[in-house]
Amino acid sequence: MAAITFTPTLPLVPRKAPHVLTIAGSDSGGGAGIQADLKTIEAFGCYGSSVLTGLTAQNTKGVQAVHAVPTDFVIKQLQSVVEDEAPVAIKLGMLTSATTIRALAQYLPTIEKAIVVLDPVMISTSGHYLLPDDAVEALDDLFPFVTVLTPNIPEAIRLAGFKGEVGGLEDMLKLAKDTQAKTAAKTVLLKGGHAVISRDEVLRYKGQYEIVWEEGDDEDDTVEVLSEYKSLTQVGAERDYVVDILVTGTEVVALFVGKKVISSSTHGTGCTLSSAIASSYAIRKGNDVPAGGDVKILKRAISYTQSAIASAFPFGHGHGPLNHAHLSTRRALPPPTRHNPHPFLTHLIQSNLPLWKSYVRHPFVVQLGNGSLPRECFEHYIKQDYHYLRHYARAHALGAYKASSFTDITAFSEIALHIARESEMHVSYCAQFGISREDLMAAPESAPCAAYARYVIDIGTQGDILDLYMAVASCLVGYGEVGLWLKKQVKEEKAVLEGNLYRRWMEDYSGPEFLTAVHKGIENLERRIAQNPPSEEHLARLTSIWHECVRLESRFWDMGLYKLL
Ligand SMILES: Cc1ncc(COP(=O)(O)O)c(N)n1
């Protein structure tokens, strides 16, 4: 018999994975409990061990039965694990009985220096009581050893003995502080999933607490062209927010704010978050738990959990599980979801937000909106824009020439024709400034205009169809953004329409005809990308084309403002 040899193609570099131990119940359905914990710990690159406190016969529809593991056997498991290798972090979940809790309270202080995260699981998502009353009382014995306590609102109400309703953020802040005071846990993260908070309510606490927004959701990051199209595709409720409150010592330290994701795939969310927190602490650099709580460590765990919900796949007939593997199966770009139907455009804009802002909030645009832009600047700009439109139409004609499908040939040709019509509007528009067609044709083309046009045509010549779509996108999307933003500025009385010399320009770019074209352009890009997800490398190339065009657009406004030739 031939010998079977195994030759690893990559050198195996031994790496020490931090040991995270979960002490919790088993969920036969695999969505919550020990199963969710181990999947999460693994996703964070840690090594997971487990001590079972109870077995549940459970699925996504509910808990059918609970079988408690005898306390002495819980402790036997714990001894076996710890005696071999001490954990860096311990997560405590469904603890099943008062006797088990008391025994753990005796044993935990003997484990040196481990971070302890307690998720005080009391009731399952499906409404099943998982912890008897006397066990809830026994939790008092555990609190002195807890580093982070992660109750949801009903659990915090029970733990704090909170009287009254928890309606808004003010009540939640009080509840979070009361829970910390009652339990004396070093850190409390009150999970706000049971309450819906408005953006305005959050903003009331700006300056008082650190507000950690979900990526791209900061007030200053608002991108009109994305919010506008989001509002077309999203239902109102999704615009509401979930706020998790971090209390360290006796002080509220931070509010974690994210859009509420409407999903039925939430079974095991609490288990996942608390394991993610334990793992996030385990992989931190340095051993100390920073004073004042560690916002970054918690933010990493919260983001992981939110993405696990957002990317969940359907399973079972009730509350489905999360997607714990989303980090390793992540593509260069997330797929479009109801929550974010435009992941590609979101990526392009967020990948260099200051650059994008320098384009769409350029002083030329601001002055145009408030009417203070000198007329000769605008005239210079509009003449150059006429030249640019010609090149922009040529770029689309080039697209039609390079395209291989009738769909693309038609799309490019139609846009080229549309630009030709738009240029005629330009001519009639310029007449009101006393600029004739001859003046437009005779104006020498400026360097910023030539540079931009050269770049777009070059990309179109050298690259493929998607490169060309990319090179023409920032102009289309950016002018849509400018039009919408100016419209909003008018509403907020920061820009004026009445008596503004540039009123027609503003109305054209915020009007339905132009915005429909912008919408079509965005949908086309998103569809292409979703059908053919790019590799990291390809995405980087597309992104660099976008950045270059955004930069050249910004130079185009400079040219207008400073009358550059
Ligand atoms: C074994 C076990 N542990 C914890 C939970 C709570 O999870 P959820 O609140 O999502 O039902 C559960 N259902 N089962």
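**Strand E10 and its partners**

I looked up Ile211 in this predicted model and found that its bridge partner in E10 is Leu255. I then examined the pairing to which strand E8 (residues 210-213) belongs: four bridges join E8 to E10, and the two strands run parallel.

I turned next to strand E9 (residues 241-248), which pairs with E10 in the antiparallel sense over eight bridges. Here I noted Val242, whose bridge partner in E10 is Gly258. The hairpin of E9 and E10 has two residues between the strands, and I recorded a positive phi near 60° for Gly249 in this hairpin.

I also checked the burial of E10 (residues 251-259). Seven of its nine residues are buried, so the strand is largely enclosed by the rest of the structure.

**Helix H11**

I asked how many of the eight residues of helix H11 (residues 343-350) are buried. The buried residues are Pro343, Phe344, Leu345, Thr346, Leu348 and Ile349.

**Helices H13 and H18**

I examined the packing of helix H13 (residues 363-370) against helix H18 (residues 465-491). Their axes lie 10 Å apart, at an angle of about 40°. An angle between 35 and 65 degrees counts as oblique, and H13 and H18 are therefore oblique to each other. I recorded the crossing of H13 past H18 as right-handed.

I then listed the residues that make the contact: Val365, Val366, Leu368 and Gly369 from H13, with Val482, Trp485 and Leu486 from H18.

Notes:
Residues are numbered from 1 along each chain as its sequence is written. This is a predicted model: local features need pLDDT of at least 70, side-chain atom pairs count only at pLDDT 80 or more; totals for chains, interfaces and linings use all residues. Side-chain values use heavy atoms; hydrogens and water are left out. Axes are lines fitted to C-alpha atoms, for helices over the stretch in contact, and angles run from 0 to 180 degrees between N-to-C directions. Angles under 35 degrees count as roughly parallel, over 145 as roughly antiparallel, 65 to 115 as roughly perpendicular and the rest as oblique. A crossing is left-handed if the near helix is turned anticlockwise from the far one by less than a right angle, and right-handed if clockwise. Contact means heavy atoms within 4.5 Å. Buried means under 20% relative accessible area, exposed over 50%, partly exposed in between (1.4 Å probe, protein chains only). Two strands pair if DSSP finds at least two bridges between them.
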